[in-house]
Amino acid sequence: MDLDPALAALRPLGGFFVLRTLLPPAGDPATAPPGPLPTLADAYEGRSSDVYGDPLIFRVRSVAAGVGAPEERVAASLAHQSLASRLWSAALGCAALYGRLPDLDPALLRWRPDASAPDDLWLTEVRPAPARDLAAAVLDAHLEPLAAALRTRHGVAPGLLRGNAGSALAGSARQLTLWARQSGRSDVAATTRALTSELFAHPLLAGTGTFTNGRFRRRSCCLYYRVPGGGLCGDCCLDALPRAPRLGDHEGTGR
């Protein structure tokens, strides 16, 4: 299937998969972004933005305020996993449904860092991607520079961020496979399994977790349990809530 200007095939998959464009469907102006927004390239590189200053720091602090995170690194982990889920979902959805990717260059993706989950993303131009695979389009172009920025600005452990990337991919694949089965799209389910298996063999994702009867369990903790009222995620490496950590304690970070 050829890429269409609105990437309409992604819409039935739900909010984490939808990748809006700057050419909204006729009669649906609500899909247009609210004024100038930073790109993901701005966020990764710390460029100044007309609206948000440093959009990544703005996002982390917004998440911290929203969930009452005790440390910014906890909010940074949650912000990272949310954005990783959006990127994996959009890319995996395109690969499985269209058989190809749009160009997901960070400079083409505009981002609203004050939005709630799922992250608001707009693709400024829908054009076929260069001859690159999913790992290059998401891991190399996005998750590696994003992780580098979060390590530098918020001191998040590398193992935790790799675990977030693996967890986000597994979650996206699970949702896409569920939709495919419910929709009678065995071809999409098979493609999703093949692509996901290949991705988890990548050096940046290998060892981030294990699959047992199709269920992913990560080997690091995203720190969600540190949020007031938070608990353990469904794929957490922990079997029970740990003791309350001291400030600066790196328990469960995967460092």
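Colleague: Which element gives the largest share of the lining of the largest pocket?

Modeller: Helix α5 does, with 7 residues. First, some ground rules. This is a predicted model, where local features need pLDDT of at least 70, side-chain atom pairs count only at pLDDT 80 or more, and totals for chains, interfaces and linings use all residues. Residues are numbered from 1 along each chain as its sequence is written, and side-chain values use heavy atoms, with hydrogens and water left out. Helices (H or I, at least four residues) and strands (E, at least two) are DSSP runs, numbered from the N terminus.

Colleague: What is a pocket, and what is a cavity?

Modeller: Both are found on a 1 Å grid over the protein atoms alone. A cavity is a set of points where a 1.4 Å probe fits but cannot get out. A pocket is an open set with protein on both sides within 12 Å along at least five of seven lines. Lining residues have an atom within 4 Å of a point. Here the largest pocket has a volume of about 550 Å³. A volume is the space filled by probe spheres set on the points, which are joined across faces, edges and corners. The lining of the largest pocket counts 27 residues, and L78, Q81, S82, S85 and C233 are the closest to its centre. Two or more lining residues come from each of α2, α3, α5 (158-182) and β5 (215-218).

Colleague: How many residues of each class line the largest pocket?

Modeller: Its lining has 13 nonpolar, 10 polar and 4 charged residues. Ala, Val, Leu, Ile, Met, Phe, Trp, Tyr, Cys and Pro count as nonpolar, Asp, Glu, Lys and Arg as charged, and the others, Gly among them, as polar.

Colleague: What is the volume of the second largest pocket?

Modeller: About 370 Å³. Of its 15 lining residues, A173, R174, T177, F211 and G214 are the closest to the centre. Here too α5 gives the most, with 6 residues. At least two residues each come from α5, α6 and β5. By class, this lining has 6 nonpolar, 5 polar and 4 charged residues.

Colleague: How many cavities of 30 Å³ or more are there?

Modeller: The search of the whole structure finds 2. The largest cavity has a volume of about 40 Å³. Its lining includes Q81, R218, C233 and D235. By class, that lining has 4 nonpolar, 2 polar and 2 charged residues. The second largest cavity also holds about 40 Å³ of space. Among the residues that line the second largest cavity are L56, H80, W111 and D119. Helix α3 supplies the largest share, 4 residues.

Colleague: How are two packed helices described?

Modeller: By the angle between their axes and the distance between the axes. Axes are lines fitted to C-alpha atoms, for helices over the stretch in contact, and angles run from 0 to 180 degrees between N-to-C directions. Take α3 (residues 72-97) and α6 (residues 186-200): the angle is about 125°, and the axes are 9 Å apart. The two helices are therefore oblique to each other. Angles under 35 degrees count as roughly parallel, over 145 as roughly antiparallel, 65 to 115 as roughly perpendicular and the rest as oblique.

Colleague: Which residues of α3 meet α6?

Modeller: W88, L92, A95, A96 and L97 do, and contact means heavy atoms within 4.5 Å.
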